[in-house]
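Subject: Structure for your review

Dear colleague,

Please find below the structure that I am handing over to you. My notes on what was found in it follow directly after.

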Amino acid sequence: MKKTLMLCAALFFLESASFAQHKNIYQKNWIDFNKSGKKDVFEDPSQEIEKRITDLLSQMTVEEKTCQMATLYGYGRVLKDEMPTAEWKTKVWKDGIANIDEALNSLAYNKKAQTAYSYPFSKHADAINTLQKWFIEETRMGIPVDFTNEGIHGLCHDRATPLPAPINIGSTWNKAMVRQAGDIVGREAKALGYTNVYAPILDPARDQRWGRVVECYGENPFHIAELGKQMVLGIQENGVAATLKHFAVYSVPKGGRDGDARTDPHVALRELHQIHLYPFRRVVQEASPMGVMSSYNDYDGVPVTGSHYFLTELLREKYGFKGYIVSDSEAVEYLYSKHHVVDDYKGAIKQVVEAGLDVRTNFTMPEQYIMPLRELIKEGKVSMKTIDERVAHVLRVKFRLGLFDRPYVPNTKNSDQVVHTAKSEAFSAELSRESLVLLKNEQNLLPLAAKKLKNILVTGPLAAEVNYTTSRYGPSNNPVTSVVDGIKKYIGGNAQVNYVKGCDIIDPNWPESEIIPSPLSAAEQAGIDEAVAQARQADVIIAVVGEDEKRVGESLTRTGLNLPGRQLQLLMALHATGKPVVMVMINGQPLTINWENRYLPAILEAWFPGPQSGNIIAETLFGDYNPGGKLPITFPKSVGQLEYNFPFKPASQAGQPSSGNNGYGKTSVNGALFPFGYGLSYTTFEYTDLQVKQPTQKAGSDIEVSVVVKNTGKRKGDDVVQLYLKDLVSSVTTYDSDLRGFERITLLPGEEKTVRFMLHPDDLSILDKDMNWRVEPGKFRVMIGQSSEAIKLKQEFEILP
């Protein structure tokens with residue numbers, strides 16, 4: 001004990017002496033990071049970034065360089081201290097660190113991460129400044145830290161502005177709003193002291209069973225690229241880095257199973273480039289993100305995080321990526337523990353560093369990576385040239401972020417006025433509104449006429465549930481309005497609103513009950529009976545069904561896509577009363593709602609909206625808002641159809657000969673339940689006057705396309721005008737058609753608007769038989785419609801040799 005006290009006293013003395021020595025490092029317009037007493041090139045803001053990097057590298061030791069190649073997870077994740085302590089002088093990060101992830105953000109699901117420094121927002125900004133100050137003042141070279149955080153639907157921070165789930169964002173098809181959403185995420189990150197946001201996810205969700213469908217924009221690479229580009233631009237215009245996830249081929253594990261497998265995506269080489277890499281290529285080239293996260297799966301037997309082809313040849317040399325690559329958590333370790341492509345962990349480190357990985361991230365102390373890396377360098381197994389390249393990538397981002405010029409949050413008090421403002425809250429609500437998709441509206445049951453209703457039953461296991469509004473990858477601790485509370489608030493005292501749960505989300509034997517049916521228990525039957533009794537007294541039934549956050553998400557792949565538990569039995573019993581049933585779906589992935597679609601008159605898809613979900617759904621059901629979202633992913637009729645998605649090769653998703661009038665084949669269920677791009681409205685739209693300017697052009701030219709859209713109904717409404725393109729003859733088999741343009745527009749009754757698209761050469765390019773991207777001469781067909789199947793107008797044009 002005495003020795004410990006003496007050590008602490010000695011460290012405190014050293015720290016105090018160090019601070020006294022370094023308190024004058026802050027000079028006019030520059031900072032003396034290395035405490036040399038003179039302005040070095042890397043400390044001079046007027047110098048070019050590349051010169052500053054070269055100068056800094058020349059002064060760094062091996063210890064300092066290797067520390068710039070690892071992540072330190074924040075308090076409650078890995079770091080045991082909220083604030084710097086004397087003991088930090090004995091830790092590996094005494095020589096610096098590349099980034100600190102999730103520093104003091106108070107993750108809702110992790111009690112160990114709860115901290116008093118997360119809120120008020122100004123307190124967090126002050127705390128980040130304190131952490132940054134320690135690294136600048138108490139390490140030899142003073143290299144600032146890049147503070148990273150998740151942000152796929154709002155910044156992952158205590159009481160930050162909550163956005164709906166990415167699948168909701170994808171359903172808006174609204175590029176301007178996604179840009180604004182990115183701006184909110186970036187602005188709040190900057191105000192709180194974060195300098196790098198892990199967003200967006202660019203993985204195409206090609207298997208509807210996959211648990212992380214809820215975290216994707218959808219299944220189509222063009223649609224994902226367009227929205228992902230806007231998210232990156234919005235984040236980075238605030239001087240904060242955006243890090244793309246997950247590079248690459250991450251979203252199609254075998255059978256959708258992503259638990260402990262992390263392997264075996266069944267993707268052909270051409271599909272790899274046209275579907276899975278397409279969004280990354282486009283966003284890297286058009287938005288210049290400063291970060292990319294490497295995924296932990298393999299491709300064709302080679303782990304992506306250990307692949308020189310993926311991390312260097314493709315990402316850097318072909319796409320022109322200029323930022324730094326961070327590994328998904330444990331991706332490095334998987335080379336040894338799951339993929340078994342190396343003998344030991346040191347072998348994994350050697351492979352990933354030489355492949356092009358810059359920073360390792362895992363939920364373990366950074367020295368577990370740094371110390372073996374230093375051994376590899378000492379043994380001559382990893383060259384200093386390689387190390388310098390990796391460290392330069394990290395430093396380049398830090399220079400681009402201005403961390404060597406303005407490393408601190410300048411006005412921490414201002415954070416309280418910047419983060420989660422009333423304006424941002426209103427925007428979040430509007431984003432959730434625009435994500436709602438009307439799937440069915442028989443005889444215009446919706447919107448409901450509130451004044452004509454005396455008794456409303458709200459039922460279903462999701463009616464009073466709120467856990468779907470808070471994600472591990474988004475904000476937490478915000479007030480939530482459930483659907484039933486939102487409806488009660490909207491109706492006020494104008495009608496009687498009754499609530500009966502009806503059934504739980506799952507039954508006790510689920511998911512076994514998906515393959516081995518069991519009879520309802522007495523308690524389950526009583527719950528349904530109670531709902532039916534109330535339904536008989538109601539004028540309308542609003543049944544809120546689907547999944548919660550425990551049924552969909554990371555490592556939560558499903559084997560079936562029906563409504564789980566006893567929810568279908570509840571709906572059948574409610575339908576049998578003869579009263580109109582409006583089904584509201586809260587879910588994170590497409591569900592095979594075949595009976596529901598056939599027999600229930602109205603279905604509203606809400607996905608996982610934000611905390612305002614109850615108010616937003618109520619406004620929409622009762623007509624204050626006209627839903628205009630479109631599906632960014634195909635709804636199959638059966639899991640037996642999978643893979644079933646858009647785009648697809650000719651006839652690959654076709655039915656059977658002589659399938660009959662019922663739409664089913666002799667041995668299979670055919671067709672989509674709801675196709676990609678589908679969504680109804682409370683009004684109607686008419687498409688006319690499709691024009692292709694200069695229908696004969698040379699390769700390399702842009703092609704202008706226009707169409708006139710008119711609101712022919714009686715309500716103001718939104719429509720998403722979708723342009724699909726078909727290459728009529730090509731050297732290789734191409735997709736039957738593919739999305740190549742979309743615009744969301746708002747029209748008043750009787751109003752019309754000319755919508756213009758510009759097709760670029762890249763939109764016409766295919767990977768030819770030699771695996772080269774090029775525009776082949778020939779005829780193309782432009783198709784304009786309201787979904788991938790509801791094509792309204794067509795016209796051809798020709799590209800000359």
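This is a predicted model: local features need pLDDT of at least 70, side-chain atom pairs count only at pLDDT 80 or more; totals for chains, interfaces and linings use all residues.

Two strands are counted as paired if DSSP finds at least two bridges between them. Strand E8 (residues 291–294) pairs with strand E11 (residues 324–327); the pairing is parallel and runs over four bridges. Within it, Val 292 has Ile 325 of E11 as its bridge partner.

The side chains of E11 point in two directions: Tyr 324 and Val 326 go one way, Ile 325 and Ser 327 go the other, and all are buried. Helix H10 (residues 308–318) also contributes buried residues, namely Phe 310, Leu 311, Thr 312, Leu 314, Leu 315 and Arg 316. Just after H10, Gly 320 adopts a positive phi of about 85°.

Domains

The protein chain is divided into three parts: domain 1 (67–157 + 167–206 + 217–417), domain 2 (436–637) and domain 3 (685–799). Between domain 1 and domain 3, the C-alpha centres are 36 Å apart. Their contact takes 19 residues from domain 1 and 18 residues from domain 3. Together these two domains bury about 1,600 Å², of which 59% is on carbon and sulfur atoms. Which three residues supply 42% of the area that domain 1 buries against domain 3? They are Trp 173, Phe 222 and Arg 270, and they supply more than any other three residues.

The five-stranded sheet

An open sheet is formed by five strands in the order E21-E29-E28-E23-E24, with mixed pairing. At its edges are strand E21 (696–698) and strand E24 (738–747), each of which pairs on one side only. From one strand to the next, the twist averages 25°. Strand E23 (residues 717–727) and strand E28 (residues 778–785) are antiparallel partners over six bridges. One of the residues involved is Asp 727, whose bridge partner in E28 is Phe 780. As a general point, strands of a sheet pair through backbone hydrogen bonds, either parallel or antiparallel.

Two loop residues

Asp 203 is located in the loop between strand E6 (196–201) and helix H7. Is Asp 203 buried or exposed? Its relative accessible area is 1%, and Asp 203 is therefore buried, the cut-off being under 20%. Leaving aside residues up to four places away in sequence, Asp 203 touches Cys 216, Gly 218, Ile 224, Lys 245, His 246, Tyr 250, Ser 251 and Phe 280. With His 246, the side chain of Asp 203 makes a polar contact of 2.7 Å. Leu 315 is 112 residues from Asp 203 along the chain, and the C-alpha atoms of the two are separated by 15 Å.

Asn 238 occupies the loop between helix H7 (221–236) and strand E7 (241–247). Asn 238 has a relative accessible area of 19% and so is also classed as buried, under the 20% cut-off. A polar atom of the Asn 238 side chain lies 3.0 Å from the backbone oxygen of Gly 234. Apart from residues up to four places away in sequence, Asn 238 touches Gly 182, Asp 183, Gly 186, Arg 187 and Lys 190.

Yours sincerely,

A colleague

Terms used: Residues are numbered from 1 along each chain as its sequence is written. Side-chain values use heavy atoms; hydrogens and water are left out. Buried means under 20% relative accessible area, exposed over 50%, partly exposed in between (1.4 Å probe, protein chains only). A polar contact is a pair of N or O atoms within 3.5 Å; within protein, one must be able to donate a hydrogen and the other to accept it, and residues adjacent in sequence count only if both atoms are side-chain atoms. Contact means heavy atoms within 4.5 Å. Axes are lines fitted to C-alpha atoms, for helices over the stretch in contact, and angles run from 0 to 180 degrees between N-to-C directions. Domain bounds come from an automatic or database domain assignment. Buried area is the accessible area (1.4 Å probe) that two parts lose on being put together, summed over both.
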